[in-house]
Amino acid sequence: MNAMDTVVQGALLGGLYALFAMGLAVIYGVMRQVNIAHGDFIVLGAYSAFVVVAATGLSPFVVAPLTALVFAAFGYALQRTIINRTLGNAILPPLVVTYGLSIIIQNVLLQVFSADARSIQIGALGTASVALGAHLAVGWFPLIVFGTALAVAALLEFVFNRTSLGMAFRAVADDPEIAQVMGLRDGQLFAYATAISLAVVALAGVFMGIKFTFAPADGPNFLIYSFEAVVIGGLGSFWGTFAGAIILGVAQAIGFALNPGWGILAGHLVFLAVLVYRPTGLFARSAQ
Amino acid sequence: MSLLAVHELVAHYGDFQALFGVDVTVAQGECVALIGSNGAGKSTLLRSIAGLIPARAENVVFDGTPIGAETAPAIARRGIALVPEGRRLFASLSVEENLRMGTFSRRPGPWTLARVYDLFPVLRDKRATPALALSGGQQQMAAIGRALMANPRLLMCDEISLGLAPAVAKDVYAALRRVRADGLATIIVEQDIELARTMSDRAYCFTHGRVTLTGRSAELTRPQISAAYFGVK
């Protein structure tokens with residue numbers, strides 16, 4: 001077993017998980033809510049791109065940002081028309097409603113596309129790699145995903161820490177009532193947050209669809225990976241979420257290398273260990 | 001005509017009724033004190049005016065417009081600013097970011113970061129510090145500065161001396177006097193009755209959600225206030 005290779009491939013897989021997780025972290029960071037349909041939106045992103053690529057012949061790398069734009073608009077509308085109505089003092093209604101969305105998305109996809117697994121093809125780039133030394137080669141596509149995740153983390157950090165919108169996001173998460181007294185409309189802010197989240201989710205979905213095969217019921221697994229990465233990283237920093245995703249990816253890769261049945265389990269064990277020993281996450285920066 | 005007219009306002013927290021038909025007015029440039037024991041309804045009145053507790057439109061009239069049914073952000077944009085009880089600064093924001101939060105009500109005017117820093121120079125030195133790393137008095141200054149950044153027409157201060165050493169509380173009120181020098185209408189909720197009387201033009205005494213005494217602060221006598229305060233007739 002080449003240990004170095006295992007860690008590098010795991011870290012690159014973590015780059016994809018980072019894209020999964022940052023969309024969840026945006027919503028949790030602003031609304032203190034978990035979107036149960038998060039994983040299903042990732043799968044929906046993959047199907048959307050799959051359909052557009054099949055219909056137009058455009059490169060998936062062109063379709064990805066277009067999908068992100070459409071998803072952002074969809075996220076804004078979804079938050080304004082449905083999810084904002086579920087927010088209040090009780091934590092259960094938004095969970096139940098997003099769980100319902102999850103079921104609807106899975107079944108609509110099943111009805112339209114059947115249960116057959118699909119994937120998005122990118123031709124030769126899918127297998128092209130660059131050699132790093134004698135025993136180590138990394139694929140170009142995983143590198144592109146990793147670089148995109150880095151760029152998204154940097155962009156989100158910038159938006160949250162250096163812009164007025166980000167300041168409003170943090171304030172409404174800290175104290176929604178006083179944020180309103182400052183003149184902030186929380187429903188509007190939540191809609192912006194969901195728009196940002198779903199834009200990231202769409203990118204994650206397209207890349208997932210290129211890397212893996214996907215089927216309508218795959219979403220819940222991606223929700224779990226996202227949730228695990230956010231918890232491992234800790235709240236309050238997208239770099240923390242990014243790092244948490246890398247740790248999750250490496251843990252899974254090491255597990256797979258030891259035994260093909262242990263990969264996912266190894267990720268869960270790291271997640272549980274963090275919950276037990278460091279429940280606020282490894283890189284928490286939040287005020288709680 | 002008064003700047004703010006609260007008329008027959010009632011307020012509930014669930015099944016608990018906190019205000020039973022309260023009438024309060026604030027004239028342009030006036031400082032009004034609300035006094036009364038804990039749970040008498042003073043903070044509830046401020047929260048209702050700020051739009052955090054629902055009311056009927058005509059219960060709260062601001063500058064001639066019925067605003068009782070408007071949302072908190074809409075009322076903030078009209079120029080009513082609240083310095084909430086317990087300060088409630090935003091924990092994950094720096095001092096300067098907390099001050100800038102006041103600008104979301106989109107009301108340009110004389111109050112800018114520079115002017116707030118001139119009023120409270122210590123905040124300029126601590127501008128990049130997390131807000132909750134400040135001392136209690138400094139946090140109170142930041143909370144007042146945050147409200148001023150909205151360039152309010154009515155400033156509502158809820159127990160700004162709470163938990164502060166007497167000397168610090170004096171400084172905070174001295175600053176509030178300077179803020180009011182150009183005629184900003186103000187409501188203060190204050191436990192220290194002497195302080196409330198010297199600071200205000202008029203006072204309302206609250207008992208169990210009702211106004212039991214009102215008058216010019218200078219003319220209210222201690223026995224009158226004690227009687228109203230403790231609900232003794």
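In the predicted model, Leu154(B) has Ala185(B) of strand E8 as its bridge partner. This contact belongs to the pairing of strand E7 of chain B (residues 154–158) with E8(B), which is parallel and spans five bridges.

Strand E8 of chain B covers residues 185–189, and five of its five residues are buried. In a regular strand, side chains alternate between the two faces of the sheet. Both faces of E8(B) are covered, with buried Ala185(B), Ile187(B) and Val189(B) on one side and buried Thr186(B) and Ile188(B) on the other.

E8(B) is also joined to strand E3 of chain B, in parallel, through four bridges. Within this pairing, Ile187(B) of E8(B) lies opposite Val32(B). Strand E3(B), residues 31–36, is in turn joined by five bridges to strand E9 of chain B, residues 202–207, and these two strands likewise run parallel. Here Phe206(B) in E9(B) is found opposite Gly36(B).

The pairing of E9(B) with strand E10 of chain B (residues 210–216) is antiparallel and extends over six bridges. One of the facing pairs is Arg202(B) and Arg216(B), the latter in E10(B).

Key:
Residues are numbered from 1 along each chain as its sequence is written. Chains are lettered from A and ligands numbered from 1 in the order in which they are written. This is a predicted model: local features need pLDDT of at least 70, side-chain atom pairs count only at pLDDT 80 or more; totals for chains, interfaces and linings use all residues. Two strands pair if DSSP finds at least two bridges between them. A residue is buried if 20 or more other C-beta atoms lie within 10 Å of its own, exposed if 12 or fewer, and partly exposed in between; C-beta atoms are placed from the backbone.
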